[in-house]
Amino acid sequence: MRQDRVHDVRLAGEADDHPTEALDKAADLVDDVLAEACAGRDAVVGVGFGIPAPITREGRIGSPALLPAWADLSPREELERRLGLPVRLENDANLGALGEHVWGAGRACSHLVYIKIATGIGAGIVLDGRLYRGAAGTAGELGHVTLDARGPVCRCGNRGCVELAAGGRALLESARLTRPEITDIAELVHHAHDGDPGCRRLLIDAGTQLGFALGGLVNLLNPHRIVLGGELSTAVDLLREPLQRGLADTAMAAAAGAVEVVPGQLGPRASALGGVALVLGADSIAIAS
């Protein structure tokens, strides 16, 4: 099957609010890809399934406030019922980390952090060559690290989260104050690259705030590489320098000097290829550096 094709479907509403529609569409996409490959479901070893929310080791949504419509579901079981195939469920940033670690910018790197900068912000962490999930399975929720304890209330219930300063939702809301025609992150980045001063400032400031949060993460984990992915990674030329300055301002010199910040190599395929790696068991073995 070709690896340079990405099949996607845009839902009428946000998938966050319409789990049944999203699951139905996911099952349809599986059948579409199999038909293109002239294969049946009996040829499938398994299905990797990513969700933009913390996932507990029991396969539930780890913070119901982030995806309230999904909170009472068991997403893995729901997709398995639709497909009649074994499904492995994981946070989408963890899948991005796994994909980049196996096939992309994280190859030959045993200590890395993959940052998915999109509508929200998530991190997938690889330590000693293995995907790190934490005690409950919800490690990597960088978007909900507090930058300002007196800041505005986030959808997670905390105040002043990174997501409110650097996540796509917040950036689009701010951009529409002067450019109400902007509909998505791709348009925001396009205007920034075209020289719109407001859009450029939003992305530069977002990079700085994200760098502040990453400084703490670098102090704690001391990774060798930070890989930038997600929709906003298309603005890496604007984000990387302020991000590195913010990181240098908040990380210890030795840790900051040891880490390199690089763009992902897999683009929108990172989480999808991470799902393939997950089904093949790459999360359970240490990949040598």
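**Nonpolar cores and a helix pair in a predicted model**

In the largest nonpolar core, which has 39 residues, the members that touch the most others are Ile 115, Leu 142, Leu 188, Leu 203, Leu 210 and Ile 226; such a core is a set of buried Ala, Val, Leu, Ile, Met, Phe, Trp, Tyr and Cys residues joined through side-chain atoms within 4.5 Å, where buried means under 20% relative accessible area with a 1.4 Å probe, protein chains only. Two or more residues of this core come from each of β3 (112-117), β4 (121-127), α4 (162-166), α5, α6 (185-193), α7, β6 (225-229) and α8 (236-250), and α7 gives the most, with nine residues. Helices (H or I, at least four residues) and strands (E, at least two) are DSSP runs, numbered from the N terminus.

The model is predicted, and local features need pLDDT of at least 70, side-chain atom pairs count only at pLDDT 80 or more, and totals for chains, interfaces and linings use all residues. Residues are numbered from 1 along each chain as its sequence is written, and side-chain values use heavy atoms, with hydrogens and water left out.

Leaving aside neighbours within four places in sequence, Ile 226 is in contact (heavy atoms within 4.5 Å) with Val 113, Ile 115, Leu 214, Val 218, Leu 247, Val 259, Glu 260, Val 261 and Val 262. A second, separate core of 17 residues includes Phe 49, Ala 53, Ile 61 and Val 87.

Helix α5 (residues 168-175) packs against helix α7 (residues 197-221) at an angle of about 150°, with the axes 10 Å apart, which makes α5 roughly antiparallel (over 145 degrees) to α7. Leu 171, Ser 174 and Ala 175 of α5 and Leu 202, Leu 203 and Ala 206 of α7 make the contact.

Conventions. Axes fitted to C-alpha atoms, helices over the stretch in contact; angles between N-to-C directions. Parallel < 35°, antiparallel > 145°, perpendicular 65-115°, else oblique. Buried < 20%, exposed > 50% of the residue type's maximum accessible area, 1.4 Å probe, protein only.
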